[in-house]
Amino acid sequence: MFNALNGLGGTGQRDEDIYASTAANSALYATFSVVGFFAGTVTNTLGIRFSLCFGGLGYCIYISSFLCYNHTHNLGYTVFSGFLLGCCAGILWCAQGAIMMSYPPENRKGRYISWFWIIFNLGAVIGSLVGLGLNIDERGDETVNDSTYVGFLVLTFLGACLAWTLVDAKDVVRRDGSRIILMKHPTWKTEILGLWETLRTDPYVILLFPMFFASNWFYTYQYNDVNAAQFNTRTGALNNTLYWLAQMFGALIFGFALDYPNVRRTTRAKAAWASLCALTFIIWGGGYAFQKKYTREDVVLEGYQLYDWTSSGYIGPMILYISYGIYDAVWQTCVYWFMGAITNNSRKLANFAGFYKGIQSAGAAIIWRLDGLQNSPPPYMNLFASCWILLAGSLVVALPVIILKIQDTVPVEEDLKFTDETIEDVIGYGVTYDSPEQKTA
């Protein structure tokens with residue numbers, strides 16, 4: 001629902017009111033960047049179910065603030081909601097990442113990630129269709145109506161409640177009888193120290209930080225500087241729907257390809273990296289051609305014509321925006337899969353997910369703030385270039401991890417080093433396991 005609302009551009013606000021959206025999202029991501037980095041400690045201590053429910057409530061308050069803003073223009077409440085959501089979302093997304101990367105067995109992580117991304121973006125598609133249906137006759141460039149915000153508010157509240165139906169990691173038993181590797185008796189002290197231990201034992205994860213940083217950087221450009229800047233309200237809502245549908249398609253293809261059983265995992269990792277490189281230059285190359293057609297100064301001129309879906313030149317920009325959606329899904333799916341291929345330890349993966357979301361949000365906070373500068377916001381082309389350069393550069397920095405640290409399988413003994421569990425605690429009745437010592441004997 002959050003993605004659907006922000007995908008409308010300006011969180012549904014228009015003209016001078018977009019500032020409320022950028023201010024709230026700047027507060028959100030600035031807080032998220034701090035809380036997210038340490039969220040693994042909270043998730044590992046309190047459990048996944050509580051973390052998801054608590055995190056979901058923050059989205060309800062965030063959406064309610066824009067409903068309120070439509071009538072009161074209370075900027076303080078809107079910014080506060082962004083700050084609160086930053087705290088909640090950091091914990092929610094850490095728990096989500098831990099589920100997605102540690103619950104499945106090694107040979108099914110790609111499809112679990114893709115299933116999550118499909119379901120996640122199905123919510124965005126539903127939200128986008130709600131927005132499209134409620135604004136289908138709006139040919140101008142107006143703020144979305146109250147019904148849109150109310151619909152999103154109800155759906156987010158239901159999502160937070162449904163989190164209580166999930167099973168915590170300690171109670172999960174896979175089909176083969178194996179269990180998730182975690183701390184049996186976590187405490188605040190062990191999990192705070194565990195955060196440091198993760199960086200000490202796995203310092204190479206720092207090379208993935210630029211990919212984390214870049215992974216949400218381009219959203220602001222796509223939402224505000226393409227969709228909101230070039231399309232009227234109803235066409236922006238249609239673009240939003242197509243964008244999230246494209247994400248479902250991209251996640252489906254890449255998630256299952258990353259689990260392809262007839263190719264070694266090390267080879268699949270290198271192929272995924274090469275595919276990301278190719279898509280970065282193909283899709284963003286098309287984006288460069290489109291961005292050359294307009295500037296920030298152009299779109300504020302009186303009488304500037306925004307695209308409607310009936311416009312003769314709409315198909316090309318529509319395909320570009322769909323491609324942006326596919327690219328986002330591929331990027332996020334691959335990053336999660338890279339982390340999940342490094343370890344199967346839920347405790348460590350929760351910290352990885354926290355690092356990912358925290359650093360990702362730091363980048364988002366910066367770009368939301370830059371785009372929201374009222375007096376001298378950067379030119380659209382500058383923001384576009386920053387997206388392209390960050391994405392391409394981060395792939396280069398991450399390459400040593402892809403080549404050197406991803407193995408065909410991770411020994412159980414290696415995963416258990418970071419917990420207080422034994423092999424007997426996690427190996428199921430359907431698993432035949434030989435330790436490295438037995439194999440060499």
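**Figure 1. Asn 25 is buried, at 0% relative accessibility.** Buried means under 20% relative accessible area, exposed over 50%, and partly exposed in between (1.4 Å probe, protein chains only). Asn 25 sits in helix H2, residues 18-46. Helices (H or I, at least four residues) and strands (E, at least two) are DSSP runs, numbered from the N terminus. The Asn 25 side chain makes a polar contact with the side chain of Tyr 62, at 2.7 Å. A polar contact is a pair of N or O atoms within 3.5 Å; within protein, one must be able to donate a hydrogen and the other to accept it, and residues adjacent in sequence count only if both atoms are side-chain atoms. The model is predicted: local features need pLDDT of at least 70, side-chain atom pairs count only at pLDDT 80 or more, and totals for chains, interfaces and linings use all residues. Residues are numbered from 1 along each chain as its sequence is written, and side-chain values use heavy atoms, with hydrogens and water left out.

**Figure 2. The protein chain has 18 helices and 0 strands.** Of its 441 residues, 56% are buried. The chain exposes about 17,900 Å², and carbon and sulfur atoms supply 65% of that area. Accessible areas come from the Shrake-Rupley method with a 1.4 Å probe; for residues, only the protein chains shown count as cover.

**Figure 3. Thr 235 is buried in helix H10, residues 233-258.** Its relative accessible area is 0%. The Thr 235 side chain makes a polar contact with the side chain of Asn 232, at 2.7 Å. The Thr 235 side chain also reaches the backbone nitrogen of Trp 309, at 3.0 Å. Leaving aside neighbours within four places in sequence, Thr 235 is in contact (heavy atoms within 4.5 Å) with Tyr 307, Asp 308, Trp 309 and Tyr 314.

**Figure 4. Arg 234 and Asp 308 meet in a salt bridge, 2.8 Å from N to O.** The pair links distant parts of the chain, 74 residues apart: Arg 234 is in helix H10, and Asp 308 is in the loop between helix H12 (296-299) and H13. Both residues are buried. A salt bridge is a side-chain nitrogen of Lys or Arg within 4 Å of a carboxyl oxygen of Asp or Glu. The structure holds 6 salt bridges.

**Figure 5. Asp 371 forms a salt bridge with Arg 296.** The closest N and O atoms are 3.0 Å apart. Asp 371 lies in helix H14 (residues 346-371) and Arg 296 in helix H12, so the pair ties together parts that are 75 residues apart in sequence. Both Asp 371 and Arg 296 are buried.

**Figure 6. The side chains of Arg 265 and Glu 106 meet in a salt bridge, 3.4 Å from N to O.** Arg 265 belongs to helix H11 (residues 265-291) and Glu 106 to the loop between helix H4 (75-102) and H5, so the bridge ties together parts 159 residues apart in sequence. Arg 265 is buried, with a relative accessible area of 5%.

**Figure 7. Trp 284 and Phe 338 touch the most other members of the largest nonpolar core, a set of 108 residues.** A nonpolar core is a set of buried Ala, Val, Leu, Ile, Met, Phe, Trp, Tyr and Cys residues joined through side-chain atoms within 4.5 Å. Helix H13 (residues 315-342) gives this core its largest share, 16 residues. Not counting residues up to four places away in sequence, Phe 338 touches Met 211, Ala 269, Ala 272, Trp 273, Leu 276, Ile 402 and Ile 406.
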